[in-house]
Amino acid sequence: MNHIYKLHARLLKTGHHNHPLALRRLLLSCAASAPASLSYARSIFDLIAFPDTFAFNTIIRAHADSSPSFSLSLFSKMSMAGVSPDHFTFPFVLKACARLQTGLDLHSLLVKLGFDSDVYVQNGLIHVYGCCGFLDFALKVFEEMPERDLVSWSSMIACFANNGFGYEALALFQRMQLVGTVKPDEVIVLSVVSAISILGDLELGKWIRGFISRNGLEFTVSLGTALVDMFSRCGCIEESMRVFDEMGERNVLTWTALINGLAVHGRSAEALRMFYEMRNHGFQPDHVTFTAVLVACSHGGLVSEGWHVFESIRNEYGMEPLPEHYGCMVDLLGRAGLLNEACKFVDRMPIRPNSIIWRTLLGACVNHNYIELAEKVKEKINELDSYHDGDYVLLSNVYGGVGRWAEKAGVRNSMREKRISKKPGCSLINVNHLIHEFVAGDNNHPQFESIREFLVSMIDSLKVVGYTPDISNVLFDIEEEEKESTLGYHSEKLAVAFALLCFKDSRTIRVMKNLRICHDCHCFMKHASDVFEREIIIRDRNRFHHFSKGSCSCRDYW
C-alpha cells in the first residue's frame, strides 16, 4: 500500500489529484493491490465525478475475487449510469458471478450486446455454468467456440473435475493433447489431479505424476500438495509420503494434506508426530489442520492427546474452535466408550450443537449399545433434522443388536410414514480401466450369477477358518439363515468377489464404498485377506481400511 500512498501524495502536491487520467492511474494501482487496497480504491473511485467504462472495469475487477457481491452492485450502478460495458467488463463480472454461483441470465445480455463471441467472455461463461452445476450449458459454450485457448480447456476440464465427473475431465484432457494447439500448464494439471482424486485410481495417479516429470512442469508447492492429497485418496499413503519428502518447499496446506492422509489411513501416531514436526518447522496450524489432527486422535483412540490438541486451539493459538472441532471431540470420546463424558462435553459447548454433532453421538451410542441415551439423542436430532435416513438406521441397529424387534419395527414404520428410505450401499471397483458398480441386494450386473455363486463358496470357505456372519444389524426379525443371506449380498462383498474372479494375480483389491463398512463386512474382509492371500483396501465414507493377513489397519477401532 505504501506505493499507492506515495503516488496519491505526489498527485496532491502537484495539483493533479482531481485529474481524470491521474485518478485512473491511481485506481489501477489500487486494483493491482487488492484486496488490501479495496477500501482505498472505493474512496478514489468516489472522487471521479463521471466514471467512464475504464474506471468501472477497474473497480469491478478489483472486487471480483474478494467482494463479488459489491462487484455486481457496481455493474448495476454502471448500467444505471448509462455507461456502456465493453469486452473487458464481462470477464470480471462473470468471475464475480462464478464465486456467487449466480448470474445465469447474463448470457442473454451478452448475446444481445454482441460480446458472446469474445473468447475471454466465453471462458467466463464456461466457468460460471460450471460453478452453478450446469455442465451441459458449459459444454455447449465450449463446443461452439471457433477457437479455444489454454483457459478454455482449463475451464472446461475444471468444470468436469469440480462437479465429480472425473473420467470426463480426463477424456477432455486427452482430447486437448491430441488437438495439440495448447500445452498443459500447472492449472490444468491441478484439475486433472483433482479428477483422479475423485476417482481414487492409483494407476492414473502414477500416470499423472510421470506426465508431470516427462513434460518438465515445475514441481510447485501447489502441485506437490495436490499430489500428496491425491495419492492419499487413491489409497497409497506411502506414495503421499514419498512426494512430501521430495518437495523442496512446503506450506501449511502441504503438512495438513499429509496429516489428514495419515489420519484416514489409520496411522494416527504418525499423523500426530507430523503435526508437532510441522510446528517445529515454524508453521502455524489453521482450522483445517486442527480438524485433521483431531480426526487422527479419534481414529487412533488417542484421548489425552486429542484433549491436549483441542485445548491448544484456544490456549496456545488464540483461535476459537469451530463446530467441526467440537464434532471431532464428541467422536473421539464416543469411540473410546466415554459416552457420559461426551454428553457432558456437548452440554458445555459454547455454541449450539448441530445435527451432525448429535448424529456423531448417536453413532457412538449404537457402537456401545447405549439404548436409553440413543433414544434421547435421536429426539434431539428430530428437533433439528427429522428426515435423515442414517439416524433411523442407527437407532434401528441399536434395537436389533439386543433383539428388541418391536421397537426396531416401530422405527422402520416411522420411516415408511415419513417416506424416508434407506440409502443403499454402493461399491465401485476398477477392473481393466472399467468401473463396475455394485449395489446391495441388486442383481443387475451382467455377471451377477457367477459372482453370487463364487461369493457363496467364499463365505463357506471363510466359515471353516472362523468367520461367523454378524447378523445383529440386519433390519428385520427373520430367520438366521435369511439374515446371513441378506448380509451376503452387501455391495463390498460382491465387489471383492468379482475382483477375485477377474484378477488371477496377487494385485491389491481396491474398493470405494459410499457408506460406512458394517461389522460383518469388516470381519469378512479380514478373513478373506488371509485365506485368499490378498491385500484388500476399502475406502468407505469415513476412512480407509487396509486388510492384510487377517487384520485391518484400523485395529478394529473405527
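**Exercise 1.** In which hand of crossing, left-handed or right-handed, does H12 pass H14? Describe the packing of this pair.

*Solution.* The model is predicted.
Step 1. The helices are H12, residues 186–199, and H14, residues 221–233; their axes cross at roughly 15° and come within 9 Å.
Step 2. Angles under 35 degrees count as roughly parallel, so H12 is roughly parallel to H14.
Step 3. The crossing in which H12 passes H14 is left-handed.
Step 4. On the H12 side, the residues that meet H14 are Glu-186, Val-189, Leu-190, Val-193, Ile-196 and Ser-197. Their partners in H14 are Ser-222, Leu-223, Ala-226, Leu-227, Asp-229, Met-230 and Arg-233.
Step 5. Sorted by class, the contact of H12 with H14 has eight nonpolar, three charged and two polar residues.

**Exercise 2.** Helix H19 (residues 303–315) packs with helix H17 (residues 268–280), and H19 also packs with helix H18 (residues 287–300). Work out the relative direction of each pair and list the residues in contact.

*Solution.* Two packed helices are described by the angle between their axes and the distance between the axes.
Step 1. For H17 and H19 the angle is about 30° and the axes are 12 Å apart. With the cut-off for roughly parallel at under 35 degrees, H17 is therefore roughly parallel to H19.
Step 2. H17 passes H19 in a left-handed crossing.
Step 3. Leu-272, Phe-275 and Tyr-276 of H17 meet Glu-305, His-308 and Val-309 of H19. This contact of H17 with H19 comprises four nonpolar residues, one polar and one charged.
Step 4. For H18 and H19 the angle is about 165°, and the axes are 9 Å apart. Angles over 145 degrees count as roughly antiparallel, so H18 and H19 are roughly antiparallel to each other.
Step 5. H18 and H19 also have a left-handed crossing. H18 contributes Phe-290, Val-293, Leu-294 and Cys-297 to the contact, and H19 contributes Glu-305, Gly-306, Val-309, Phe-310, Ser-312 and Ile-313.
Step 6. By class, the contact of H18 with H19 has seven nonpolar residues, two polar and one charged.

**Exercise 3.** Is His-63 buried or exposed? Describe its surroundings.

*Solution.* 
Step 1. His-63 lies in helix H4, residues 53–63.
Step 2. Its relative accessible area is 0%. Buried means under 20%, so His-63 is buried.
Step 3. A polar atom of the His-63 side chain lies 2.9 Å from the backbone oxygen of Ile-59.
Step 4. Leaving aside residues up to four places away in sequence, His-63 touches Leu-38, Arg-42, Pro-68, Phe-70, Ser-71 and Leu-74.
Step 5. For the chain as a whole, 50% of the 558 residues count as buried.

Definitions and conventions: Residues are numbered from 1 along each chain as its sequence is written. This is a predicted model: local features need pLDDT of at least 70, side-chain atom pairs count only at pLDDT 80 or more; totals for chains, interfaces and linings use all residues. Side-chain values use heavy atoms; hydrogens and water are left out. Axes are lines fitted to C-alpha atoms, for helices over the stretch in contact, and angles run from 0 to 180 degrees between N-to-C directions. Helices (H or I, at least four residues) and strands (E, at least two) are DSSP runs, numbered from the N terminus. Angles under 35 degrees count as roughly parallel, over 145 as roughly antiparallel, 65 to 115 as roughly perpendicular and the rest as oblique. A crossing is left-handed if the near helix is turned anticlockwise from the far one by less than a right angle, and right-handed if clockwise. Contact means heavy atoms within 4.5 Å. Ala, Val, Leu, Ile, Met, Phe, Trp, Tyr, Cys and Pro count as nonpolar, Asp, Glu, Lys and Arg as charged, and the others, Gly among them, as polar. Buried means under 20% relative accessible area, exposed over 50%, partly exposed in between (1.4 Å probe, protein chains only). A polar contact is a pair of N or O atoms within 3.5 Å; within protein, one must be able to donate a hydrogen and the other to accept it, and residues adjacent in sequence count only if both atoms are side-chain atoms.
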